[in-house]
Amino acid sequence: AEVVCVEGTGLDALGALGVRSARVAEIAAGDALARLAWAGASGGAQGRRRGMAIGRFSTWWLLGAIGDLPWPPSTDDVHDLLAELRWFRWDAHEPEGGWRVQLVIENADEGIAWAINATDSA
């Protein structure tokens, strides 16, 4: 798993991961949050399934961290943050298969972006 945070755009964040060519598609916040919660719950291709409660908690924690929100963040704070963010799924032309979460999060108002590349091909 790799995560980077950069001053710039989502494409800048992918570049910081070393990605030179990628397919990128914008997705709805709900879809991105579902992917994050699934990743937090699943434990990877060979990990022990930890359950959806920890997946939801981990996603809420991530939102609090990237939004610099007080803990625990209120639902209103999270809704306001989600209105500022754009979400993208991406891949570097890898074949389908395995366990993977590849997301870009962009906050154009703040000029900050994050790229997540978590894979387990087993």
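I began with the side chains of Q102 and E94, which a polar contact of 3.3 Å joins. I count a polar contact as a pair of N or O atoms within 3.5 Å; within protein, one must be able to donate a hydrogen and the other to accept it, and residues adjacent in sequence count only if both atoms are side-chain atoms. The model is predicted: local features need pLDDT of at least 70, side-chain atom pairs count only at pLDDT 80 or more, and totals for chains, interfaces and linings use all residues. Residues are numbered from 1 along each chain as its sequence is written, and side-chain values use heavy atoms, with hydrogens and water left out.

**Q102, continued**

I looked for a further partner of Q102. Its side chain also makes a polar contact of 3.0 Å with the side chain of N117. Is Q102 buried or exposed? Q102 is at 6% relative accessibility, so I log it as buried (buried is under 20% relative accessible area, exposed over 50%, partly exposed in between; 1.4 Å probe, protein chains only). I then listed contacts, meaning heavy atoms within 4.5 Å.

I placed Q102 in strand β4. Strands (E, at least two residues) and helices (H or I, at least four) are DSSP runs, numbered from the N terminus. Which order do the strands take in the sheet? I read β1-β5-β4-β3-β2, an open sheet of five strands with antiparallel pairing; two strands pair if DSSP finds at least two bridges between them. β1 (2-7) and β2 (23-27) stand at the edges with a single partner strand each, so one side of each has no neighbour in the sheet. Neighbouring strands are turned by 20° against each other on average, direction ignored.

β1 pairs with β5 (residues 112-120) in the antiparallel sense over six bridges. There E7 stands opposite I112 of β5.

Helix α2 (residues 29-42) lies across β2, β3 (86-91), β4 (99-107) and β5, at about 135° to β4. Axes are lines fitted to C-alpha atoms, for helices over the stretch in contact, and angles run from 0 to 180 degrees between N-to-C directions.

**Whole chain**

I counted four helices and five strands in the protein chain. From the N terminus they run β-α-β-α-α-α-β-β-β. The C-alpha trace spans about 40 × 35 × 20 Å along its principal axes. Buried residues make up 39% of the 122 in the chain.
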